[in-house]
Amino acid sequence: MAVPARIKSRSFTRSVVALGVAVLGSFGLAGTAQAATNYVALGDSYSSGVGAGSYGDSGNCMRSTNAYPQLWANAHAGTSFKFVACSGARTGDVLNQAANVTSSTTLVTVSVGGNDAGFADVMTTCTTGSDQTCVNRVNTAKNYVNNTLPGLLNNVYSTIKSKAPGAQLVVLGYPRFYTVPGSCSVGLSDTKRTAINSGSDALASVLSARAAAHGAKFVDVRGAFTGHNICSAASDYLHSLTWPVVNSYHPTVAGQRGGYYAPLVSAIG
């Protein structure tokens, strides 16, 4: 018996619709919607965005709208975002910031360790003291980084993981400050610049190891800053000694975008 034309038409239409749904589903465009990212940004001045301006009403925490966490949230529509990084934060302060991390958090970024190691005092000593005084102060900081900081980082990372076991934890490092030898004809000697850079390298080594031990992703920003740091041909990613002093040795707007945001995107999308 012949099948009526209108029934054939309906069957064909259903087949096309079913095929379309299957194809769209294979590309993630149908079916259960992707859960929105619940992002909490923790850390110190390198995460809050000191040096990049536009701090709004964040007070002494100096959270910039140009900082990499805000840039990432802006670029990912639907993100639930808590920005609690704060200038001057040490590991103990980040533990307090972690109160904002909950079981529903899906992404946490953090930079911490530089202030624990005495970053500000290192820079002051190297600016005002002799080459040997600078080298000695950096070596003291490196000893702290290698022997005391790991335990403090373990506490921070394990606390975050315990609060949000399913979240992706991303640890961001610190740049080398100088190109040595570079284009600077005044300021610190190459001996001091090399010593300060070695402190950044020591931090990167410990941060990377502790992050890996806790199942976190480490984003090493040193490569992104190369060629854009102080005394380089295009020294546009970092402030040198400047006014206001708090901006000194912190990323510029370009440094937050090119030195931090870009590597973060490369690491996690």
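## Sheet

In this predicted model, Tyr39 stands opposite Phe81 in strand S2. Strand S1 (residues 38-41) pairs with S2 in the parallel sense over four bridges; two strands count as paired if DSSP finds at least two bridges between them. Helices (H or I, at least four residues) and strands (E, at least two) are DSSP runs, numbered from the N terminus.

Five strands make up an open sheet with parallel pairing, in the order S2-S1-S3-S4-S5. S2 (80-83) and S5 (217-219) stand at the edges with a single partner strand each, so one side of each is left without a neighbour in the sheet. From one strand to the next the twist averages 15°.

## Helices on the sheet

Helix H3 (residues 68-75) packs on the sheet and touches S1, S2, S3 (107-110) and S4 (168-172), contact meaning heavy atoms within 4.5 Å. The direction of H3 makes about 170° with that of S2. Helix H8 (residues 190-213) also packs on the sheet, touching S4 and S5, and its direction makes about 160° with that of S5. Axes are lines fitted to C-alpha atoms, for helices over the stretch in contact, and angles run from 0 to 180 degrees between N-to-C directions.

## Pocket and cavities

On a 1 Å grid over the protein atoms alone, a cavity is a set of points where a 1.4 Å probe fits but cannot get out, and a pocket is an open set with protein on both sides within 12 Å along at least five of seven lines; lining residues have an atom within 4 Å of a point. Grid points are joined across faces, edges and corners, and a volume is the space filled by probe spheres set on the points.

The largest pocket holds about 310 Å³ of space. Its lining has 17 residues, with Phe119, Ala120, Met123, Val245 and Ser248 nearest the centre. Helix H5 (residues 119-128) gives the largest share of that lining, six residues. The largest cavity has a volume of about 250 Å³; among its 21 lining residues, Gly114, Phe119, Gly199, Ser200 and Leu203 are closest to its centre. H8 gives the largest share of this cavity's lining, five residues.

## Confidence and conventions

The chain averages a pLDDT (the predictor's confidence in each residue, from 0 to 100) of 90, and 87% of the residues score at least 70. Over residues 5-33, pLDDT stays under 50.

Residues are numbered from 1 along each chain as its sequence is written, and side-chain values use heavy atoms, leaving out hydrogens and water. Local features need pLDDT of at least 70 and side-chain atom pairs count only at pLDDT 80 or more, while totals for chains, interfaces and linings use all residues.
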